[in-house]
Amino acid sequence: KKPAGVPWSHMKAGFSQKKLLIYNARMLQDKNKHTNESKSSFFEKHGFVLCEMPTKVKDWNEDYLDADTDISNIYHKEIETLLREELFPSGTVFTHIGQD
């Protein structure tokens, strides 16, 4: 069902019936803790990593048209710092982090 207020031009979906396995990401990451594998190498190997990080965001405003929110002013910078320090410590250049 199309959400109210979302134009059809924004809808991109394809539907099919396929069986797929869903794994618990926490268990996979926990299983690798004893190997002393860095988050960066785990991410490169598996394509994801779970990170814990406190945030200073107080207002999780969901108005995506408003560019001046805690999400854009605080959270995006926190995520960029997390990415730089934990996943790409070798100096990957980020050109844009946003909610496009």
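How do the residues of the lining of the largest pocket divide into nonpolar, polar and charged? The structure is a predicted model, in which local features need pLDDT of at least 70, side-chain atom pairs count only at pLDDT 80 or more, and totals for chains, interfaces and linings use all residues. Residues are numbered from 1 along each chain as its sequence is written, and side-chain values use heavy atoms, with hydrogens and water left out.

The lining of the largest pocket consists of Arg26, Gln29, Asp30, Lys33, Lys39, Leu50, Cys51 and Glu52. These residues divide into 2 nonpolar, 1 polar and 5 charged; Ala, Val, Leu, Ile, Met, Phe, Trp, Tyr, Cys and Pro count as nonpolar, Asp, Glu, Lys and Arg as charged, and the others, Gly among them, as polar. On a 1 Å grid over the protein atoms alone, a pocket is an open set of points where a 1.4 Å probe fits, with protein on both sides within 12 Å along at least five of seven lines, and lining residues have an atom within 4 Å of a point.

The aromatic rings come next. Rings of Phe, Tyr and Trp (its six-membered ring) pair if their centres lie within 6.5 Å; planes under 30 degrees apart count as stacked, over 60 as edge-to-face and the rest as tilted. By this rule there are 3 aromatic pairs. One of them joins Phe42 and Phe48 edge-to-face, at 5.5 Å centre to centre and 85° between the planes. Buried means under 20% relative accessible area, exposed over 50%, and partly exposed in between (1.4 Å probe, protein chains only). Phe42 is buried because its relative accessible area is 3%, whereas Phe48, at 25%, is partly exposed.
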